[in-house]
Amino acid sequence: METEDKDIRFIARFYREDALNTNRAWQQLGIDRKREKPAWYIKAALIAASVCLAVGFYWWQTYNRQDWVTIASTAQDLKEVTLPDGTHITLDKNTDLRYDRLAYGKKERRTELRGRAYFDVTHREACPFMVEATSATVRVLGTRFSVATGQGKTTAAVEEGKVRFYNRTGKEAILTQGMRASAYSSGQMEVEEQTGPNAFAWKTQVLVYNETPLKEVIGELEEVYGIRIGHVPPTERLLTATFDHTPIEEIIEIINQTLDTKLDITK
């Protein structure tokens with residue numbers, strides 16, 4: 001009991017009212033103890049957060065949406081196509097072209113090609129037109145050109161304007177009127193300063209030959225008409241002729257009569 005009295009007297013001696021103020025102590029430490037938020041404030045904050053989350057999700061979903069449109073030609077006929085920006089395309093036989101309808105024309109005009117096509121691109125300075133193929137990409141603002149892809153090679157030929165042609169390894173070339181470039185899956189690239197007169201014959205159906213070696217003629221005919229020609233003579237012969245929408249059977253007959261050959265269609 002005597003010990004407890006001593007303790008009480010010790011406390012009474014040093015006790016001062018308001019000497020221990022916890023709020024003041026927190027302020028001296030630089031810590032602001034704010035009052036708890038009322039229930040309505042918390043509820044409003046939760047609603048605002050939910051709205052922001054919903055808007056963000058909607059934006060993300062819309063921004064990342066894709067709607068691919070695929071256009072294909074048959075094995076028998078070419079196909080004419082006009083894209084939303086007015087760009088006109090001629091698809092060769094057995095060719096597929098696709099583009100994302102929702103993204104096309106916003107920042108760029110990107111297309112993907114399998115086969116061969118001729119492009120007459122509407123000029124838009126701020127929105128480049130692009131063709132993605134197997135081994136290369138063609139990028140333009142407005143011009144006329146063709147792209148062919150297949151068998152590990154992509155080739156572009158320019159009829160008018162200027163295009164940027166680059167392969168998957170980063171090699172690139174600027175092609176102008178009359179030039180052609182080919183990119184191979186191996187990474188190699190070839191550029192021709194001047195194409196022949198029949199670079200777009202598959203589309204125009206017009207073939208022009210002036211003292212052209214017969215083997216070169218046969219190669220172009222097989223490519224344009226999708227056939228195989230047999231009984232090609234081993235000796236070199238030169239052909240001068242123009243064929244304008246001429247059936248292949250008639251062309252073979254004219255060559256046989258002109259060069260005294262016995263060519264025939266094997267496929």
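Lys79 touches Ile71, Ala72, Ser73, Ile89, Thr90 and Leu91, leaving aside residues up to four places away in sequence. Contact here means heavy atoms within 4.5 Å. This is a predicted model: local features need pLDDT of at least 70, side-chain atom pairs count only at pLDDT 80 or more, and totals for chains, interfaces and linings use all residues. Residues are numbered from 1 along each chain as its sequence is written, and side-chain values use heavy atoms, with hydrogens and water left out.

Stay with Lys79. Its place is in strand E2, residues 79-82. Helices (H or I, at least four residues) and strands (E, at least two) are DSSP runs, numbered from the N terminus. Lys79 has a relative accessible area of 34%, so it is partly exposed. On this scale, buried is under 20%, exposed is over 50%, and partly exposed lies in between (1.4 Å probe, protein chains only). Ala117 is 38 residues from Lys79 along the chain, yet their C-alpha atoms are separated by 9.3 Å.

Now turn to Ser182. This residue is found in strand E13. Ser182 is buried, because its relative accessible area is 6%. Its side chain makes a polar contact with the side chain of Thr155, at 2.9 Å. A polar contact is a pair of N or O atoms within 3.5 Å; within protein, one must be able to donate a hydrogen and the other to accept it, and residues adjacent in sequence count only if both atoms are side-chain atoms. Beyond four places in sequence, Ser182 touches Lys153, Thr154, Thr155, Phe165, Gln188, Met189 and Glu190.

Next comes the largest pocket. It holds about 1400 Å³ of space. Of its 46 lining residues, Asp92, Arg116, Ala148, Glu223 and Val224 are the closest to its centre. A pocket is an open set of points on a 1 Å grid over the protein atoms alone, where a 1.4 Å probe fits, with protein on both sides within 12 Å along at least five of seven lines; lining residues have an atom within 4 Å of a point. The volume is the space filled by probe spheres set on the points, which are joined across faces, edges and corners. Several elements each supply at least two lining residues, among them strand E13 (180-184) and strand E9 (144-150). H5 gives the most, with seven residues.

Finally, step back to the whole chain. The protein chain has six helices and 18 strands. Of its 267 residues, 34% count as buried. Among contacts with a separation of 6 or more, 40% join residues 24 or more positions apart.
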